[in-house]
Amino acid sequence: MKIEILGTGCKKCNELEAKVKQAVAKSGKFVQIEKVADLQKIMAYGVMSTPGLVIDGEVKSTGKVLSTAEILALL
Amino acid sequence: MWHELSGQFVFETIGLEGRLADAIHFFIYDTIKIWFLLITIIFGVSLLRTWFNTEMVRAYLAGKGEFTGNILAALFGIITPFCTCSAIPLFLGFLQARIPIGVTFSFLISAPLNNEIAIAMLFGLFGFKVAAIYIAFGLAVAIIGGWLIGRTNAEQYVLLDVPALSGDLHVTATQSSFTERLREAWNATYDIFKKIYLWVLVGVAVGAWFHGYIPAELIAEYTGGDAWYAVPLAVLMGIPMYSSAAGVMPLVEVLTEKGMLLGSALSFMMAVTALSLPEAIILKQVLHVRLIATFFAIIGIGIMAIGFLFNMIL
């Protein structure tokens with residue numbers, strides 16, 4: 001499984017990254033986490049409001065910091 | 001009710017009188033009133049926002065013609081969240097969906113201008129009428145400004161090559177329960193309030209001091225009164241004040257109370273929210289300076305026109 005966090009480096013993007021790491025640790029699954037800062041790539045996902053959360057190539061949320069529980073539910 | 005309570009507290013419980021008492025009374029009353037309104041309005045807007053996101057707005061605007069598009073984009077600017085850091089993805093995302101550049105600018109003007117903090121502060125400090133005037137003319141500037149930018153061949157000044165989005169615009173509609181939305185809205189409100197409550201406090205404190213100690217003649221003199229240069233000056237002074245709207249607006253309230261004309265005050269507040277230097281610097285990564293200058297000039301002129309108009313008719 002691969003999780004991508006889309007964001008150009010704003011505060012919320014870092015918060016989301018931290019939450020994702022927590023959720024992954026809790027789930028105990030083997031997950032690859034990647035931060036995507038390249039605008040062209042973010043555009044390609046059709047995301048405009050960062051941070052965006054992409055799991056296995058599918059956009060799960062945009063523009064908000066999900067809670068650990070919400071991310072766990074998506075894993 | 002708060003007015004009486006705060007008055008009673010200052011004049012009777014502590015037993016203060018004179019200018020100091022006036023200033024303290026004003027400070028307590030204004031702070032509580034504005035905090036309350038900020039929380040209420042930000043919560044309302046945040047809740048409404050859980051049903052909208054920029055991706056949805058884009059899908060809706062795609063394919064709309066120019067004028068209608070400008071109007072819709074300006075209206076959407078009121079409810080969609082906007083922060084300077086998302087200006088570029090937003091701008092490119094709109095172009096990607098082949099939304100006309102003028103319509104994109106209508107949105108880009110309206111979103112920061114009609115932000116929930118500014119609206120809440122205006123409503124709290126100046127009342128419903130001024131808040132409505134501000135929103136109405138803010139929309140007018142966004143619609144006409146965006147339309148005018150669309151007339152200038154602005155596309156050639158976009159520095160990046162933006163490929164059209166392939167396939168349909170998929171919208172990730174969030175299916176949340178109402179309780180989840182309430183919780184989300186409350187978190188958003190808490191985040192925003194945490195960022196600005198101190199600014200409000202400082203702004204109101206300085207305003208209270210003005211209120212109690214600075215004579216009206218002085219303010220009328222320094223804000224230009226009805227001199228012709230009052231409005232342009234107000235706009236110039238507003239540009240570097242971005243993101244401190246929460247602190248600046250209580251001051252403006254006192255200034256108008258003491259003789260600054262409402263038109264100059266409106267121009268100033270619109271310049272604070274709409275003309276943001278950090279935003280311009282961020283947009284410079286994808287737009288030619290000439291287009292940013294046009295963007296600033298058109299909004300600046302629009303805002304000044306509103307100022308002059310109101311100074312004349314009020």
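These notebook entries record what I looked up in a predicted model with chains A and B.

**Conventions.** I number residues from 1 along each chain as its sequence is written, letter chains from A and number ligands from 1 in the order in which they are written. Because the model is predicted, local features need pLDDT of at least 70 and side-chain atom pairs count only at pLDDT 80 or more, while totals for chains, interfaces and linings use all residues.

**Entry 1: the sheet of chain A.** I looked up the strand order and found an open sheet of four strands, β2-β1-β3-β4 of chain A, with mixed pairing. Strands (E, at least two residues) and helices (H or I, at least four) are DSSP runs numbered from the N terminus, and two strands pair if DSSP finds at least two bridges between them. The edge strands are β2(A), residues 32-36, and β4(A), residues 58-62, each pairing on one side only. On average, neighbouring strands of the sheet are turned by 20° against each other, direction ignored.

I then followed the pairs. β1(A) and β3(A) run antiparallel and are joined by four bridges; I3(A) stands opposite I55(A) of β3(A). β3(A), residues 52-55, also pairs with β4(A) in the antiparallel sense, over four bridges. There, V54(A) stands opposite V59(A), and I55(A) has E58(A) as its bridge partner. The hairpin of β3(A) and β4(A) has two residues between the strands, and D56(A) takes a positive phi near 50° in this hairpin.

**Entry 2: the helix across the sheet.** Helix α1 of chain A, residues 11-27, lies across β1(A), β2(A) and β3(A) and runs at about 165° to β1(A). Axes are lines fitted to C-alpha atoms, for helices over the stretch in contact, and angles run from 0 to 180 degrees between N-to-C directions.

**Entry 3: the contact of the two chains.** I counted two residues as in contact if their C-beta atoms, placed from the backbone, lie within 7 Å. The contact takes 14 residues from chain A and 17 residues from chain B. On the side of chain A, the elements giving two or more residues are α2(A), residues 39-44, and β4(A). β4(A) gives the most to this side, with four residues.

**Entry 4: helix α3 of chain B.** In α3(B), residues 54-61, I found T54(B), E55(B), V57(B), R58(B) and L61(B) buried (20 or more other C-beta atoms within 10 Å; exposed means 12 or fewer, partly exposed in between, with C-beta atoms placed from the backbone). These residues lie on the same side of α3(B), because they cover an arc of only 160° around the axis, taken from the directions from the helix axis to the C-beta atoms. They pack against β4 of chain A together with α4, α5 and α6 of chain B. Just after α3(B), G63(B) takes a positive phi of about 90°.

**Entry 5: the core.** A nonpolar core is a set of buried Ala, Val, Leu, Ile, Met, Phe, Trp, Tyr and Cys residues joined through C-beta atoms within 7 Å. The largest one has 107 residues, of which M121(B), L122(B), M249(B) and A271(B) touch the most other members. Helix α2 of chain B, residues 18-49, gives the most to this core, with 10 residues. Beyond its neighbours within four places in sequence, M249(B) has contacts that include M121(B), L122(B) and G203(B).

**Entry 6: an exposed position.** A136(B) lies in helix α8 of chain B, residues 128-150. A136(B) is exposed, with 10 other C-beta atoms within 10 Å. Its C-alpha atom is separated by 21 Å from that of G150(B), 14 residues apart along the chain.
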